[in-house]
Amino acid sequence: MILDAHGHVGTWPDFLIPDPTAGGLVAAMDRIGVTAMGISHLLAVGPDAGRGNRLAREIAERHPGRFGVWQVYNPHHRTPLSLDGVWGVKLHPDVHQCRLDDPRYDPVWELGLPVLSHGQTDSAWSDPEQFATVAARHPDVPILMGHTGLWPSGFTRAARLVAGHPNVFLEVCGSKSTGRWIARLASLAGAERVVFGSDACFLDLRIGYGRVALAPLAPADRALIQGGNLARILGPRLP
């Protein structure tokens, strides 16, 4: 089973996305063998979280079992959140310019759902150190650190910062990621703490999965990273 933790649909104003459609994602998923992908709509990440979240739900309903919804929370707008029919909550502290450890995110942590957040080393809004802070405050909330801090210069630091917080998982999508880095993260943090994500449709799903497929990993570790860990995190929420 291959599960992609980090996907999107829609367009973004300053980023070329050749195919922003759900249909394009499904075609790529079928070609590679990806069972399901967690998506947030880029409209929701950007100017309209409420409408974007509704569009993501409609897409998931049109493609049963293929998409899980990460509902976006905008801390400035206090976006309404649901417990039902979603994989969890998506945060983007850098777009919203609100630190991950800011109290304005309290409604998200109180919900108790899995959280996927953008993480960016040396960012004022989402540095991995803030993941350690919120993980300590909310040890029962599974937290996926998107991009494992984004920059290779910070991958090792990210893994070490959250080593003592078993509720934080290192999600590995990003144009700077490599198969060797994924294997190194598995060695540093344990394969049970590393989760595959592609960042499609921003980035090419084929390249994203290729990094995991060709990484120098033991078969059991690859199985955990490419789907087993996320299945465990989601539990009955997985379609």
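Trainee: How many cavities of 30 Å³ or more does the structure hold?

Mentor: This is a predicted model, and it holds one cavity of 30 Å³ or more. About 30 Å³ of space lies in this largest cavity.

Trainee: What makes this space a cavity, and which residues line the largest cavity?

Mentor: The space is called a cavity because a 1.4 Å probe fits there but cannot get out. The lining consists of His147, Thr148, Phe155, Val172, Ser177, Trp181, Ile182 and Leu185. Helix 8 is the greatest contributor to that lining, with three residues. By type, the lining residues of the largest cavity are five nonpolar, three polar and no charged.

Trainee: Why is Leu25 called buried?

Mentor: The relative accessible area of Leu25 is 5%.

Trainee: Why can the buried residues of helix 1 be said to line one face of the helix?

Mentor: The buried residues in helix 1 are Ala22, Leu25, Val26 and Met29. Down the axis of helix 1, its buried residues fall within an arc of 100°, so they line one face.

Trainee: What do the buried residues of helix 1 pack against?

Mentor: They pack against strand 1, strand 2 (36-41), helix 3 (49-62), strand 3 (67-72) and helix 9. After helix 1 comes Gly33, with a positive phi near 100°.

Trainee: Which residues touch the most other members of the largest nonpolar core?

Mentor: In this core of 62 residues, they are Leu25, Met37, Phe67, Leu91, Trp109, Ile143 and Ile225. Helix 8 (residues 179-189) gives the most to the core, with six residues. Apart from it lies another core, of 14 residues, including Ala5, Leu116, Ala231 and Ile233.

Trainee: Which residues is Phe67 in contact with, leaving aside its neighbours within four places in sequence?

Mentor: Phe67 is in contact with Ala22, Leu25, Val26, Met29, Met37, Ile39, Ile59 and Ala60. Each of these counts as a contact because heavy atoms lie within 4.5 Å.

Trainee: Why does Gly154 count as buried?

Mentor: Gly154 has 1% relative accessibility. The cut-off for buried is under 20%, so Gly154 counts as buried. Gly154 is placed in the loop between strand 6 (143-146) and helix 7 (155-161). Its C-alpha atom is separated by 8.6 Å from that of Gln120, which is 34 residues apart from Gly154 along the chain.

Trainee: Which residues lie nearest the centre of the largest pocket?

Mentor: They are His118, His147, Leu150, Asp199 and Phe202, out of 21 lining residues. The volume of the largest pocket is about 430 Å³. Strand 1 (3-9), helix 2 (42-45) and helix 4 (93-96) each supply at least two residues of its lining. That lining divides into nine nonpolar, eight polar and four charged residues.

Trainee: What volume has the second largest pocket, and which residues are closest to its centre?

Mentor: The second largest pocket has a volume of about 230 Å³. Of the 13 residues that line it, Asp19, Cys201, Leu203, Asp204 and Leu205 are the closest to its centre. Helix 1 (22-32) and helix 9 (205-213) are the elements that give two or more residues to this lining. Helix 1 gives the most, with three residues. The lining of the second largest pocket holds nine nonpolar, one polar and three charged residues.

How values were computed. Residues numbered from 1 in each chain as written. Predicted model: local features only at pLDDT ≥ 70, side-chain atom pairs only at ≥ 80, totals over all residues. Heavy atoms only, no water. Core = buried A, V, L, I, M, F, W, Y, C linked by side-chain atoms within 4.5 Å. Buried < 20%, exposed > 50% of the residue type's maximum accessible area, 1.4 Å probe, protein only. Helix = DSSP H or I, 4+ residues; strand = E, 2+ residues; numbered from the N terminus. 1 Å grid on protein atoms, 1.4 Å probe; cavity = no way out; pocket = protein on both sides within 12 Å on 5 of 7 lines; lining within 4 Å. Points joined across faces, edges and corners; volume = space filled by probe spheres on them. Nonpolar A, V, L, I, M, F, W, Y, C, P; charged D, E, K, R; others polar. Arc of directions from axis to C-beta.
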